[in-house]
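Hi everyone, thanks for coming. I'd like to walk you through one model today, so please have a look at the screen.

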Amino acid sequence: MEKKENSIIKISSISELHNLLQLPGPLHPLVSLIDNEKMSIKEDWAGRSFMFNFYKISYKYSTSGKMGYGQGYYDFNEGGMMFTAPGQILSPEENAEYCGSTLLIHPDFIRNYPLAKNIKNLGFFSYDTNEALHLSDQEKTIMKGLLDSIKNELNTAIDEVSQDVIVSYTEVLLNYSNRFYKRQFITRKAVNSDLLTKMEKVLADYFNDQQTLTTGLPTVEFLASELNLSPHYLSDMLRNITGQNAQQHIHEKLIEKAKEYLTATNFSVSEVAYALGFEHPQSFNKLFKKKTDQTPLSYRQLFN
């Protein structure tokens, strides 16, 4: 572990993190369940940013301080469940006291299991802290029960099936997390509907102001930034509300604008493509045909 002023500290192993948090060594080198109340970061490392080489799944609540993540902070007074994948940056707030548990899993621990592939498809590992999973009392009971089962397994003498059992509990925990996030999208329907309205306006303004001429096609990252959301959260939210992800919404608005150009202007098909931000007219033709089952030219001819 290398210490440099104002640099990100990279933590490669779970044992290394235990040492940083002034905890006894982990019971298993590739997986650990930490009691958050027992964590105490070394004084000379406080206020620094960290990058872990392993997955972190945690339920936290706090009566003092906030948790930094990327460019922002998240208030943990109410508590939330967070998921971070290897390579993401975390910034613990100095003197903050957290309750709850944190599960650490090195990729090598699940490498020979289907979970190694499936975990990469779970969008919530890329959510921002303000998109944490908030649990009902019943959901907390389920999650705490699963974490306790993992804890008990780690405290049992390691044998040839221990890894299978822990991976199974982790898979169930992540399946419940996925379910509870879907529930959260539903219970936040009013808020999400407002976001959907705002997104529609952002896209409409983008095309109407002809930003495509200078910045090209709108991206999911641009849209998420305008809404103060992470790209994965935006797409998952939209998929649960409308059945379409963010990219599909962009394409829908783009086709709508293309039809406007084709019916209300004398632009050639190539000029329409460039006006919409396409570098190559062929790409526009291909997308238009895919979405409408017609070429741009045949669509225009319907109105002439």
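I'll talk about confidence, then a helix pair, then one serine.

This is a predicted model, where local features need pLDDT of at least 70 and side-chain atom pairs count only at pLDDT 80 or more, while totals for chains, interfaces and linings use all residues. Residues are numbered from 1 along each chain as its sequence is written, and side-chain values use heavy atoms, leaving out hydrogens and water.

The mean pLDDT (the predictor's confidence in each residue, from 0 to 100) is 86, and 88% of the residues reach 70 or more. Over residues 67–77, though, the pLDDT is below 50.

Now the helices. α5 (189–208) and α8 (231–242) pack at about 105°, axes 11 Å apart; axes are lines fitted to C-alpha atoms, for helices over the stretch in contact, and angles run from 0 to 180 degrees between N-to-C directions. The pair is therefore roughly perpendicular, a label for 65 to 115 degrees. Asn192, Leu195, Leu196 and Met199 of α5 meet Met237, Leu238, Ile241 and Thr242 of α8, with contact meaning heavy atoms within 4.5 Å.

And where is Ser230? In the loop between α7 (220–226) and α8. Ser230 counts as buried because its relative accessibility is 2%, and buried means under 20% relative accessible area (1.4 Å probe, protein chains only). Beyond four places in sequence, Ser230 has contacts including Tyr127 and Ala224. Thanks, everyone!

Note on methods. Helices (H or I, at least four residues) and strands (E, at least two) are DSSP runs, numbered from the N terminus. Angles under 35 degrees count as roughly parallel, over 145 as roughly antiparallel, 65 to 115 as roughly perpendicular and the rest as oblique. Buried means under 20% relative accessible area, exposed over 50%, partly exposed in between (1.4 Å probe, protein chains only).
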